[in-house]
Amino acid sequence: MKFSKCLIAVSLTTVLAASAFAQNVTITDAWARATVPGQKATGAFMKLTAKDSAKLVGVSSPAAGVAEIHEMKMDKDVMKMAALPNGLDLPAGKVVELKPGSYHVMLMDLKAPLTKDSTVPVTLVFQDAKGVKTNLELKLPVSAQTPMMGQGMEHQHGDHKH
């Protein structure tokens, strides 16, 4: 009995310590679009909320030869897509939505099709105001269309190195 009470106390202390650790970026409603055979690129989408100003400066995935942060926008009457080489600003307390037709993660040179109801590993790289970079590894659910929002995964990214 004493051992199990001690183990519970140690486990509870660990959970409380982890909860108290400063969390800077919250990720919600993350998903990646399914592909069809032969399709070599797709997008990944999510909502990012930074407690303190930060920047999404990089992305990678073992499922893709190239992964980039992209923006789609209208230029006159033409929709253009381009990489954001300087990253994406995450203003403190504001939700930045990565969604189809806007900011998104582009996964290119896919090594295999992304099938519905599978997951794809993606690593996001954040940089805080002091220039410190940290990684957050995710497993995004793959869907043929936008999943039910609010039902998705939620991750918090602290101010620690992974």
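Where is the place of S102? We'll get there at once, then look around the rest of the protein.

## S102 and its loop

S102 sits in the loop between strand 7 (95–98) and strand 8. Strands here are DSSP runs of E with at least two residues, helices are runs of H or I with at least four residues, and both are numbered from the N terminus. This is a predicted model, where local features need pLDDT of at least 70 and side-chain atom pairs count only at pLDDT 80 or more, while totals for chains, interfaces and linings use all residues. Residues are numbered from 1 along each chain as its sequence is written, and side-chain values use heavy atoms, with hydrogens and water left out.

Is S102 buried or exposed? It counts as buried, at 18% relative accessibility. The cut-offs are under 20% relative accessible area for buried, over 50% for exposed, and partly exposed in between, using a 1.4 Å probe and protein chains only. If you skip residues up to four places away in sequence, S102 touches H70, E71, M72 and E97. A contact means heavy atoms within 4.5 Å.

## The overall layout

Zooming out, the protein has one helix and eleven strands.

Take the contacts between residues at least 6 apart in sequence: 68% of them join residues at least 24 apart. Of the 162 residues, 33% are buried. The accessible surface comes to about 9700 Å², and carbon and sulfur atoms account for 58% of that. Such areas come from the Shrake-Rupley method with a 1.4 Å probe; for residues, only the protein chains shown count as cover.

## Inside the core

The largest nonpolar core holds 33 residues, and I27, M46, L48, L56, L124 and F126 touch the most other members. A nonpolar core is a set of buried Ala, Val, Leu, Ile, Met, Phe, Trp, Tyr and Cys residues joined through side-chain atoms within 4.5 Å. In soluble globular proteins, nonpolar side chains tend to be buried together.

Leaving aside neighbours within four places in sequence, its contacts include V25, I27, L56, L90, L124 and F126.

D29 isn't a glycine, yet its phi is positive, at about 50°. D29 lies in strand 1 (residues 23–33) and is buried, with a relative accessible area of 10%.

D109 also has a positive phi, near 55°. You'll find D109 in strand 8 (residues 104–110), where it counts as partly exposed at 48% relative accessibility.
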